[in-house]
Amino acid sequence: DRPAHPTRLALLGNPNTGKTTLFNRLSGLRHKTSNFPGTTLEARLATATIGGKQTELIDLPGVYSIELDQTESRICREVLAGVAAPKGDPVEAPDAVCVVLDATNMGRNLVIAGEVMRRGLPTVVAVNMTDIARRRGLEIDADALSRSLGCPVVCVSARSGENFDQLREALAHARVPTRGVPPGEDALRAWAEEVFEGAAAGGEALGTPRAERLTDRLDSAFTHPLLGLVAFIVVMTGLFWVIFKLAVYPMDWIDWFFGVVGASVEGALPPGIISDFLTGGVIAGVGGTLIFLPQICLLFFLLSILEDTGYLARAAFIVDRLMRPFGLSGHSFVPLLSSHACALPGIMACRAIPDRRERLATILVAPFMSCTARIPVYVLLVGILFPESPAMQAVAFTGCYFIGALAGLLVAVVLRKTALRGPARAMALELPGYKPPSITGAIVTTVDRGWLFLKKAGTVILAISIVLWWLGAYPNVEPPQEVTDLRAAAETSLDDERSEELLAQADRLEASHAQAESFMGRIGRTAQPVFDPLGYDWRLTVGVMASFAAREVFAGTMAIIVTGEEDAEDEGVRDRIANAMRAPAVGAPPDAAPRRLFDPATSWSLLIYYVLAMQCLPTLAVTAREAGGWKW
């Protein structure tokens, strides 16, 4: 009863076969991302013109076998069978399946083709990366392979678009394979090798081509216990250097743009609550969301490049050895790495971890990785602790990253031996061949991840920013008498320079007073006894509480509340913050000796606090959603 023309087509294949690149080329890069029903795994859906008609494409997760006891394999089985997922809508079975094989690794890839053929679905086999195979002296006889499988076979290159017209024609006339597949896994593997030998040709087709010998030599270095670790450190250091070096430019542009927009809106509207809400709440909140987008996009672009070249699989192999004693595996590598840019995409990347307990453990320890939002806080505090020693500032800064990562691993051990008890699942990983990366594919992945961040995390950040803005901006209070006296003195002064200095001093004092008397300031004074054992007065308490919107808010809040200025990066402002004196404690004797606000003990306390504390409220919200509930 299936239609003569497929209206729903599933793409299936092993990881690293170029399946997603093929999906992107078929769909013309027009796709949407949602979740598979009842799971947090992403489903990529698109429409493509097949045989002159619109066909829905679904990009199934890359799996080595659809019979494995893994979330990805279960999803593939349910989609192919049209089974309803738990707590999800019924899954509509596809009208046809396109099995994507890697021409350079056909012997193993044919196993999944056999598993699909057993299900009796109309099937087309797309042998991808034939251009790379030809350079290695390997030719695939599509006709011979088609006769062995009993279904259409097309040799293509998803990277260059070679033979895509033939592929579309074959997909329009997909048919149920006419050849049988032997039962049993051992028999299936022997069948796959036999079919491969009958279809492969070339002087080095069944031997060890020169390219494979080079791959073996590279792998002996990249997967070596010592050399591989050194290479990993060098590559990851370079990755973050590029992120921090290049992302600063678009971040500065975004900051400048929203500053201009805010000033324009403020100038166009009369003073009042509407103007304050738009400039201080909405525009600042949107800017605070978008300013992290360059780092997130650059991170995913570079990770996609590394994955496409084949190196990321080697890195996961190296990290797997290091993380296994802590109850994690190489599957946790990319999420924890991503969390160093921002915990939000790192937590969302945990969807690819097949074991549920390991996935939850990784989600819960990801916020220990020091994200870029903590950098302004680290810079402020290490500068206060070691004002005359850049070398010690660098050591302390690096130590923050090390302590965070170590704390995360230790917490992972505790979780995996208590609430999430269970051994780390062995990481089944087939090392892909080395190949040039697809820039187009990396851009598509970057845009997809960036949009996902804006759609899911940006809305949460915006809402929290507006609430915290309101708490920090209201109620409106009259400035203290000292401000009035300063402004009066400025008006009567005959010295213009002195007049400007008095007005600037009045503005700083008024801003500091307004922050102190705001709802956030009052909450800070109320909560200060709780923070007192840490050595924090009410101003530090306000700074810590406000930073739950985003960690970098702490530096700006302290600049406003201590000095009355917003630029915490200004050297003069930092000096005034470092030398500010602590507000007198409630009930302290009047002759008590004054103390610095940021004395060494308090500064160390803050530094360790920001290393170990949950990153921000958006991180809590994303953790709740990805882990499956607020209890986590």
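**Figure 1. The surface of the whole protein, and what supplies it.** This predicted model exposes about 28,900 Å², and carbon and sulfur atoms supply 61% of that area. Behind this surface, buried residues make up 50% of the 632 residues. The fold is built with 27 helices and nine strands. Among contacts with a separation of 6 or more, 71% are between residues 24 or more positions apart.

**Figure 2. A nonpolar patch on the surface.** Here you can find Phe402, Ile403, Leu406, Leu410, Ile608 and Leu612, which together have about 510 Å² of accessible area. Two elements each give two or more residues to this patch: helix 18 (390-417) and helix 26 (600-612). Helix 18 has the largest share, with four residues.

**Figure 3. A negative patch on the surface.** Four acidic residues, Asp495, Asp496, Glu497 and Glu500, form this patch. Asp496 belongs to helix 21, which covers residues 496-517. With a relative accessibility of 60%, Asp496 is classed as exposed.

Figure 4. Glu185 sits in helix 7 (residues 185-199), while Arg118 is in the loop between helix 3 (106-117) and strand 6 (123-128); the two partners are 67 residues apart. How accessible are they? Glu185 is partly exposed, at 34% relative accessibility. Arg118 is also partly exposed, with a relative accessible area of 34%.

**Figure 5. A salt bridge within one helix.** In this view the side chains of Asp165 and Arg168 meet in a salt bridge, with an N to O distance of 3.7 Å. Both residues are in helix 6 (residues 164-172), and because they are three residues apart there, about one helical turn separates them. Are the two partners buried or exposed? Asp165 counts as exposed, since its relative accessibility is 64%. Arg168, for its part, has a relative accessible area of 23% and so is partly exposed.

Figure 6. Asp537 and Arg539 are joined through their side chains in a salt bridge of 3.2 Å, N to O. Both of these residues are buried, a class that stands for under 20% relative accessible area.

Conventions
Residues numbered from 1 in each chain as written. Predicted model: local features only at pLDDT ≥ 70, side-chain atom pairs only at ≥ 80, totals over all residues. Heavy atoms only, no water. Patch = residues over 30% accessible without salt bridge, like charges linked within 9 Å, V, L, I, M, F, W, Y side chains within 5 Å. Areas by Shrake-Rupley, 256 points an atom, 1.4 Å probe, with all protein chains shown as cover. Lys, Arg positive; Asp, Glu negative; His and termini not counted. Charge placed at Lys NZ, Arg CZ, Asp CG, Glu CD. Buried < 20%, exposed > 50% of the residue type's maximum accessible area, 1.4 Å probe, protein only. Contact = heavy atoms within 4.5 Å.
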